[in-house]
Amino acid sequence: MAEYDYDVLVIGAGPGGYVAAIRAAQLGLKTACAESRETLGGTCLNVGCIPSKAMLHASEYFYAAASGEMAKMGVKVTPELDLDAMHGQRRDSVKQLTGGIEFLFKKNKVDWIKGRATFASAHSVKVGDRTVTAKNIVIATGSSVTPLPGVTVDQKVVVDSTGALELDKVPGKLVVIGGGVIGLELGSVWGRLGAQVTVVEYLDQLLPGMDGDVRKEAAKIFKKQGMTLKLATKVTGVTVKGGKATVAVEPAAGGAGETLEADVVLVAIGRRPNTEGLGLDAIGLAVNARGQIETDHDFATKVPGVWAIGDVIPGPMLAHKAEDEGIAVAENIAGLTGIVNHDVIPGVVYTMPEFAGVGLTEEQAREKGEIKVGKFPMLANSRAKTNHQPDGFVKVIADAKTDKVLGVWCVASVAGTMIAQAAQAMEFGATSEDIAYTCHAHPTHSEAIKEAAMAVTGKPIHI
Ligand code: FAD
Ligand code: NAI
């Protein structure tokens with residue numbers, strides 16, 4: 001009889017966990033995945049990436065019709081919002097995709113162990129009254145919403161991202177606490193559908209972690225779209241009465257406060273790793289000051305046989321980072337060499353326009369040494385101009401001596417798609433000249449990347 005039930009047991013079936021389980025099974029390892037949700041796919045497929053993009057896409061159509069954008073192109077329509085149908089197509093996409101993972105588990109012979117897993121030892125977990133043993137256990141438990149002290153989320157008047165995906169009517173006034181990715185994406189959804197959106201952000205700019213010029217451009221663009229931005233402002237309290245909220249705010253540096261009335265308040269101040277109730281004590285594994293599980297380069301924790309990936313470990317909390325780590329950890333468990341290049345992980349905010357970047361910001365790059373920067377405005381890109389989407393720019397940052405590309409930032413309607421070529425170029429160690437001399441199809445938004453690269457060493461043609 002085998003010493004363990006499984007070669008690999010993955011805890012959590014998000015983009016990190018389900019990918020790790022499938023790859024482990026593909027590599028011939030007997031694999032199971034414990035997941036406590038009713039459906040597979042984790043935060044991303046159930047309440048994150050996928051449903052938010054479904055609402056972003058649908059609301060963009062409504063806005064294009066309602067704002068007169070379509071009329072400008074000769075398509076005159078008076079839109080009528082059917083919010084139930086909009087939610088219906090969102091639920092449908094989620095159902096299809098989560099069902100797809102269940103199909104992939106069956107196809108690859110990954111056993112789904114339904115329920116919450118708690119470590120009993122380094123090689124066994126309890127799920128309900130069942131004990132499952134495995135030679136290797138991968139922690140892929142993801143993250144959940146960071147609460148704002150003193151503010152209770154009721155998912156009606158005060159919501160988190162999950163509640164904000166499900167609102168059954170468009171709020172008259174929406175106050176968003178946190179000007180990060182979730183605040184801007186979901187704020188955009190409801191703003192496009194007619195809500196008056198106010199974003200309260202503690203820092204003096206939106207989108208921490210992104211390039212300085214991108215952050216400034218974001219503030220300009222969201223203001224132009226009608227959002228009220230209260231930057232360098234802190235929330236001191238939220239009171240709910242009669243189905244409405246009053247949000248007390250004051251300058252982050254101190255000073256006179258004010259109150260904001262809201263039909264709905266969205267709390268989006270970040271996410272924190274899921275380790276509670278996992279029984280880490282039973283295996284002697286501690287978390288760091290940020291509550292994350294530390295691993296080495298191979299995603300091994302300090303406890304032999306226990307590995308960790310995704311939002312629960314340090315690094316950006318992104319689905320594609322979790323997926324790549326899922327593949328790498330499975331390959332490492334199988335004795336292969338699984339590597340993730342954490343210097344080249346793109347990040348995208350899926351608003352209109354999209355904000356995307358990969359590698360170093362200009363500020364980070366300057367701190368490390370001498371750089372050259374090339375910039376090109378989307379206004380001068382023929383496709384963006386023709387599509388009446390002139391907002392944004394591309395910025396390519398290269399090492400002054402070697403010309404190696406250190407970072408690329410795009411603000412454009414399809415920046416999320418454009419950034420893939422920059423990530424690939426950086427993965428191959430490209431110079432700005434390599435990008436500048438790569439033939440790009442015309443007319444495409446991506447030509448702006450080529451022109452920004454040309455601007456690093458010489459001159460772009462179209463400006
Ligand atoms: P998760 O997806 O969080 O999955 C962990 C799973 O583990 C969960 O299903 C949980 O139920 C399960 N679990 C936890 N503990 C246990 C246990 N003890 N036993 C059994 N099961 C357990 N990222 C992007 O890259 N692009 C986006 O567009 C994007 N949009 C987002 C939008 C929103 C609104 C949110 C909230 C997040 C978004 N993200 C996006 C982030 C993305 O969802 C996460 O980075 C990603 O899901 C992390 O994957 P993971 O596998 O580490 O964890
Ligand atoms: P975030 O970290 O992106 O932004 C949170 C914002 O809240 C920050 O700007 C922060 O300064 C601000 N903040 C913190 N405390 C505050 C307070 N008390 N008052 C006012 N502002 C405060 O976190 P967010 O938006 O909650 O998203 C969580 C994570 O989910 C993201 O970091 C990202 O990793 C992931 N995500 C990714 C998406 C994508 O890739 N498109 C989409 C949505 C989420």
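Which element gives the largest share of the shell around ligand 2? I looked this up first.

**Entry: basis.** I worked from a predicted model, in which local features need pLDDT of at least 70, side-chain atom pairs count only at pLDDT 80 or more, and totals for chains, interfaces and linings use all residues. Residues are numbered from 1 along each chain as its sequence is written, while chains are lettered from A and ligands numbered from 1 in the order in which they are written.

**Entry: ligand 2.** I found that α7 supplies the largest share of this shell, four residues. Helices (H or I, at least four residues) and strands (E, at least two) are DSSP runs numbered from the N terminus. Around ligand 2 I noted 26 residues, the closest being Gly178, Gly180, Ile182, Ile269 and Met317; a residue counts as near if its C-beta atom, placed from the backbone, lies within 6 Å of the molecule. At least two residues each come from α7 (181-192), β12 (233-241) and β18. I recorded 17 nonpolar, five polar and four charged residues in the shell. Here Ala, Val, Leu, Ile, Met, Phe, Trp, Tyr, Cys and Pro are nonpolar, Asp, Glu, Lys and Arg charged, and the others, Gly among them, polar.

**Entry: ligand 1.** I noted 35 residues around ligand 1, with Gly12, Gly14, Gly42, Gly142 and Gly310 the closest. Two or more residues come from each of α1 (15-26), β2 (31-35), α2 (42-47), α3 (49-66) and α9. This shell divides into 15 nonpolar, 16 polar and four charged residues.

**Entry: Val344.** I located Val344 in the loop between α9 (319-333) and β18 (347-349). The C-alpha atoms of Val344 and His440 are separated by 22 Å.
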